[in-house]
Amino acid sequence: MSRVWISRTEALKRLDVKPQTLYAYVSRQRIAAKSDPSHPRMSLYALDDVERLSRRAPGRLARTAHGSATPADRPLQSLSGGTITRGEAAIDTEIAITIDGHHYIRGRDIVSLAASENFEAVAALLWRAETSNPFGPLKPRPDVNFPGGPRTRVLSMLSRRLEEDALSDINSSRDLGTEAASLLNEMFDSVTNGGPRLFFHQRLARAWKVYDAKDVDLLRRALVLCADTNLDEATLAVRVSAATMGPLAIPLMSGFATLTGPKLGGRISRAESYVTAVRRSGNPLSLAKSLLEKGLELPGFEKDPSPSETLRAYDLINAAPHMGEDLKAILRVGEDLTGQSVGMSLALALIGRHLDLPREAPVTLYGLSRSAGWLAHAIEQMQTGASPKARLRYIGVHPQA
């Protein structure tokens with residue numbers, strides 16, 4: 001029996017939800033969607049999925065005398081489209097959505113963007129910049145050399161910008177696009193110690209001594225593929241920090257600092273150490289089995305990676321067909337032993353070893369790339385003038401018990 005497809009207007013009417021909630025249902029594969037043959041830029045939605053969800057919506061169980069659910073009865077919707085309990089943060093966004101395993105930025109597939117676009121153009125798209133190159137008018141700063149490793153240098157640079165851009169009053173006339181561009185530009189300069197005004201991936205290649213054109217392009221592709229992802233702790237920290245309406249350096253520092261934790265950037269560092277250990281041992285199968293026998297997780301093969309992360313990870317790896325067989329063996333062994341798909345953490349670690357990048361270069365690359373998306377979320381949060389709403393619910397011992 002063929003499926004019946006309905007328009008977005010009809011689907012929204014039947015579900016009684018906002019458009020972003022419908023898109024989130026599609027992203028979570030709870031509602032099937034396809035392009036409208038008569039209007040390729042529009043979508044059609046599976047009627048049976050819509051009816052199934054409309055029957056389950058708890059907000060429809062309680063009706064007013066007029067036959068509609070009261071606002072208190074309607075379920076809160078999370079960013080990913082699931083029903084959430086009161087007190088959890090709910091964030092509306094126009095920046096990105098994941099549908100059928102593909103991550104879209106402002107309606108553009110990020111994998112397609114990675115095939116041809118420079119990171120600067122993707123950043124401008126994320127920020128809805130007035131110009132396609134908001135970095136063009138920026139002049140280089142002479143004082144971009146900071147001591148320490150890459151992460152320390154980035155945080156030092158952001159600390160300086162906090163002092164320079166400090167605000168005591170809300171300034172509604174700020175040019176957030178230019179501010180974002182200057183911050184991202186200085187972040188790359190802090191890692192590369194300045195130099196010629198090249199594209200960002202070329203600056204990294206020059207600093208990391210990557211000269212082959214195919215290898216330089218891998219850095220460009222990696223920057224684009226990691227520019228934005230689904231909501232995680234770092235992005236949430238960015239949006240909460242942005243609600244203070246202070247300098248963009250504040251949310252950017254929040255995101256970059258959060259990334260240093262074991263759940264985010266730590267995954268990349270562990271994958272990098274694992275790849276190094278495998279290359280030293282020369283036996284990926286033996287090392288992988290020993291880790292799994294100890295009950296340890298195989299780095300880069302975390303349980304249930306999102307389909308969009310897996311798609312991006314394979315796109316990056318497949319862009320390096322000349323990668324050594326010893327590195328490809330790490331991927332094959334991990335897939336065979338765990339049954340899991342590869343995550344972006346291992347993809348970046350493999351590219352890092354393939355290009356012989358300095359230690360911590362993969363996590364640095366990831367942090368610089370994510371900064372473009374974080375700045376987009378910070379700008380969007382500031383433009384709303386609101387804060388992500390959440391409340392504490394006490395579940396401890398009652399003080400009068």
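Predicted model: local features only at pLDDT ≥ 70, side-chain atom pairs only at ≥ 80, totals over all residues.

**Helix packing and two side chains**

Reply: From α12, Tyr274, Val275, Val278 and Arg279 meet Asp326, Leu327 and Ile330 of α15. Meeting or touching is contact, heavy atoms within 4.5 Å. By class, this α12 contact with α15 has five nonpolar, no polar and two charged residues. Nonpolar is Ala, Val, Leu, Ile, Met, Phe, Trp, Tyr, Cys and Pro; charged is Asp, Glu, Lys and Arg; polar is the others, Gly among them.

Me: At what angle do α12 and α15 pack?

Reply: About 120 degrees, with axes 10 Å apart; α12 covers residues 265-281. So α12 is oblique to α15. Oblique is what remains after under 35 degrees (roughly parallel), over 145 (roughly antiparallel) and 65 to 115 (roughly perpendicular). Axes are fitted to C-alpha atoms over the stretch in contact, with angles from 0 to 180 degrees between N-to-C directions. Helices are DSSP runs (H or I, at least four residues), numbered from the N terminus.

Me: And α13 against α15, what angle there?

Reply: Helix α13 (residues 284-293) packs on α15 (residues 325-338) at about 40 degrees, axes 9 Å apart. That makes α13 oblique to α15 as well.

Me: Who touches whom in that pair?

Reply: Pro284, Leu285, Ala288, Lys289 and Leu292 of α13 meet Ala329, Ile330, Val333, Leu337 and Thr338 of α15.

Me: New topic. Where's Tyr314?

Reply: In helix α14, residues 307-318. Tyr314 is partly exposed because its relative accessibility is 23%. The cut-offs are buried under 20%, exposed over 50%, partly exposed in between (1.4 Å probe, protein chains only).

Me: What does Tyr314 touch?

Reply: Leaving out residues up to four places away in sequence, Glu335, Ser341 and Val342. Its side chain makes a polar contact with the Glu335 side chain at 2.3 Å. That term needs N or O atoms within 3.5 Å, one able to donate a hydrogen and the other to accept it; residues adjacent in sequence count only if both atoms are side-chain atoms. Tyr314 and Val342 are 28 residues apart along the chain, yet their C-alpha atoms are separated by 7.5 Å.

Me: Last one. Is Gln381 buried or exposed?

Reply: Buried, because its relative accessibility is 4%. Gln381 is in α17, residues 361-384.

Note on methods. Residues numbered from 1 in each chain as written. Heavy atoms only, no water.
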